[in-house]
Amino acid sequence: MKIAVCVSLVPDSTTKVKLSNDKLKIDKNGVTFIINPYDEFAVEEAVQLKEKHGGEVIAVSFGTIKSKDAIKKAYQMGADKGIFVEASGDFDSFTAAKNLAETIKDLNADIIFFGKQSIDYDSSVIPAMVGEILNLPYINVVTKLDIDGTIIRVEREIEGGKEILESTMPVIIGAQKGLNNPRYPNLRSIMASKSKPVEEKKASYTGNITEVTEMSLPAIKGTGKILKNGVSDVPELVKLLREEAKVI
Amino acid sequence: MKKILAILETKDNKFKNSSFELISEARKLSAELKCEFAGLSITAAEDNAFTSLSEYGAEKIYKIDLNELNKISGKDCVFSYPAITKVIANFAKANDFNIILLSATAFGKEITGSLSVKTNSALCPDIVDIKIDNGDIIATRPVYAGKAYTKVKFNSDNILISLRPNVFKAEKINGNLSIEKIDVNTLNIGASDFTAIVKEVVTSTGKLDVAEADRIVSGGRGLRAPENFNLIENLAKVLGAATGASRAVVDAGWRPHSEQVGQTGKTVSPSLYIACGISGAIQHLAGMSTSKCIVAINKDKDAPIFQIADYGIVGDVFEILPALTIEIEKLNI
Ligand SMILES: Cc1cc2nc3c(=O)[nH]c(=O)nc-3n(C[C@H](O)[C@H](O)[C@H](O)COP(=O)(O)OP(=O)(O)OC[C@H]3O[C@@H](n4cnc5c(N)ncnc54)[C@H](O)[C@@H]3O)c2cc1C
Ligand SMILES: Nc1ncnc2c1ncn2[C@@H]1O[C@H](COP(=O)(O)O)[C@@H](O)[C@H]1O
């Protein structure tokens, strides 16, 4: 079984966001970058399938040179090969999807895993974009996956429940928390990942059809009314919610 | 010439609130851009369900019968997202709609990416604001889990936008509704388009989902044990609210993942969010900071949750929750 997995590098979720001088992006100084947390579920599932069915796992990342770190993390978790596609300048989701699709197309993978969404721009669109570009079925927000011969059966989370889907392969799967428990790399795999080569390519598609015109930080809320007298303030709170906030 | 199409979702054959928000916004946008707008719903709902849309200013609505559409698949099929994407794209193209609005619901999110590619649209997902500036549409959306906002401009005549549910106002205004049924055979869809087939939808009955709720009561590690969540449930009940949870209590197995609010859980923007025994870690705030009214109950006066709370009480959840439940029950809401 040949499995591809797309991994991206994102600021750690505890990052305090500051803006760059041009107010078009964040100031990356001092920011720690990690593999996108959802992509860890994707890599783990890919590696588990390889362990069960044999085959190989190929990690693909598109972005600045730093994105190679996401591939290194995938190596530590058990990926066999890595392909890094270098972006030329800023890119939007469509540009990323186009370049990922271009690379994936030649891999002949049975399953292409993604994370459900990347936690930088929170778009959650690239898996279906790549699916559409490559004319492959796509299923995102997957919490359970079984392979039955040539058929893949999955559960997908929706509001207040789940959907049970069936697809042929090749298929695109977006991993949601709950799919598995990503492993912690051991020291040996961390050491081994350092010297493992990564194939490098240049972006074949450039240009963006959307443009960020401004980035801003959320307005700081005026300090709320915090009551200090414990349970004796309950009637006051209810009064405020009813008469001032008018929410109950 | 611009022409707006809003994709309207139903659940249990009734239009969702997010669809009312969408049609409201489509109507306002069409007035500002001086262009036409219409709605499209691919649904099994009967025509009488559509009258609810007219209360929010809907006029022209196209309807595609989901059951008739599914017959084309020749299989046992609840629906297929790729097929629905193609239906919407073909319909939009054939009728010159170049601005498409979706709701960023589980359904909307699943097709946003593919629909943008199929319609050659510039895309901005999950927006919380939209404005016209010198004739250009400018959409605003939260990024970095709400720690920043970006304004996005579209360098294309084809535009696809999804609206975060519960953020835009569904404004009541009467519309002169006309429903046009589209023959599924005109849509250029064949059996092979039905891929990634949904075989079954399993809903946890009777439970209001955090992502759809207008009021939420959430509990965290401050509740100390899973059985104490009855305090959360009791308050939620008198408020008609959904119950939510922090990741700490989901990871501990006290609450299901479907209740988790935050960066790796659900993003919510209810009109009332009550956080009980939740410290307010940045990843939790990521999921609820756009709530309209935030109430915090925490025994630690320095808990970060108080920094974004509109109201709060410093105190013990075990005392405050029962008292609050009784007090709100008296109001009979
Ligand atoms: C990549 C990543 C993703 C994450 N995603 C999420 C996410 O989606 N959602 C999420 O919630 N978290 C997420 N987290 C975890 C987050 O960092 C916090 O650990 C978590 O939110 C803490 O949960 P808590 O507030 O319930 O617990 P704690 O931080 O332990 O807070 C408990 C609070 O209860 C108060 N308390 C204790 N006893 C009482 C009492 N008797 N009465 C009143 N108050 C009391 C305490 O003062 C304290 O403030 C994520 C973390 C990472 C690294
Ligand atoms: N630059 C990238 N390189 C590789 N994979 C990516 C990249 N950006 C996003 N992805 C994949 O697409 C998923 C969804 O991302 P997004 O649509 O940006 O939220 C992520 O979880 C990754 O698996």
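A residue is called buried here when its relative accessible area is under 20%. In this predicted model, A:Thr210 has a relative accessible area of 15% and is therefore buried. A:Thr210 belongs to strand E12 of chain A, which covers residues 210–216. The side chain of A:Thr210 is joined to that of A:Asp92 by a polar contact of 3.0 Å.

Chain A as a whole contains 6 helices and 13 strands. The C-alpha trace of chain A spans about 65 × 45 × 40 Å along its principal axes. Of the 248 residues in chain A, 51% are buried. Helix H4 of chain A was examined in more detail. In H4(A), 7 of the 9 residues are buried, so this helix is largely enclosed by the rest of the structure. The buried positions are A:Pro127, A:Ala128, A:Met129, A:Val130, A:Gly131, A:Glu132 and A:Leu134. A:Asn135 follows H4(A) and has a positive phi, near 55°.

Ligand 2 is surrounded by 18 residues, and the closest of them are A:Cys6, A:Asp39, A:Phe62, A:Ser118 and A:Ser124. The largest share, 3 residues, comes from E4(A). Sorted by class, the shell around ligand 2 consists of 9 nonpolar, 8 polar and 1 charged residues.

Ligand 1 lies between chains A and B. The shell around ligand 1 has 27 residues, with B:Ser246, B:Thr264, B:Ser279, B:Gln283 and B:Asn298 the closest. The side chain of B:Thr264 has an N or O atom 2.6 Å from a nitrogen atom of ligand 1. The side chain of B:Ser279 has an N or O atom 2.7 Å from an oxygen atom of the ligand. At B:Arg247, a backbone N or O atom is 2.9 Å from an oxygen atom of ligand 1. Taken alone, ligand 1 exposes 990 Å², of which the protein buries 80%. Helix H7 (247–251), helix H8 (282–288) and helix H10 (317–331) of chain B are the elements that contribute two or more residues to this shell. By class, the shell around ligand 1 comprises 6 nonpolar, 15 polar and 6 charged residues.

Aromatic contacts were then considered. A pair of aromatic rings is described by the distance of the centres and the angle of the planes. Over all chains, a search of the whole structure finds 12 aromatic pairs. One of them is formed by B:Phe79 and B:Tyr81, with an edge-to-face arrangement, 5.1 Å from centre to centre and 90° between the planes. Both B:Phe79 and B:Tyr81 are buried. B:Tyr81 also pairs with B:Phe107; this pair is tilted, with 6.0 Å between the centres and 45° between the planes. B:Tyr81 lies in helix H4 (residues 81–94) of chain B and B:Phe107 in helix H5 (residues 106–118) of chain B, so the pair ties together parts that are 26 residues apart in sequence. B:Phe107 is buried, as is B:Tyr81.

Elsewhere in chain B, B:Tyr62, B:Phe91 and B:Phe97 form one aromatic cluster. The ring of B:Phe97 also has the charged end of B:Lys3 sitting over it, 4.6 Å from the ring centre. A corresponding arrangement occurs in chain A, where the charged end of A:Lys196 sits over the ring of A:Tyr75, 4.7 Å from its centre.

Terms used
Residues are numbered from 1 along each chain as its sequence is written. Chains are lettered from A and ligands numbered from 1 in the order in which they are written. This is a predicted model: local features need pLDDT of at least 70, side-chain atom pairs count only at pLDDT 80 or more; totals for chains, interfaces and linings use all residues. Side-chain values use heavy atoms; hydrogens and water are left out. A residue is near a molecule or strand if one of its heavy atoms lies within 4 Å of it. Helices (H or I, at least four residues) and strands (E, at least two) are DSSP runs, numbered from the N terminus. Ala, Val, Leu, Ile, Met, Phe, Trp, Tyr, Cys and Pro count as nonpolar, Asp, Glu, Lys and Arg as charged, and the others, Gly among them, as polar. Rings of Phe, Tyr and Trp (its six-membered ring) pair if their centres lie within 6.5 Å; planes under 30 degrees apart count as stacked, over 60 as edge-to-face and the rest as tilted. Buried means under 20% relative accessible area, exposed over 50%, partly exposed in between (1.4 Å probe, protein chains only). A charge sits over a ring if NZ of Lys or CZ of Arg is within 6 Å of the ring centre and within 35 degrees of the ring normal. A polar contact is a pair of N or O atoms within 3.5 Å; within protein, one must be able to donate a hydrogen and the other to accept it, and residues adjacent in sequence count only if both atoms are side-chain atoms. Accessible areas come from the Shrake-Rupley method with a 1.4 Å probe; for residues, only the protein chains shown count as cover.
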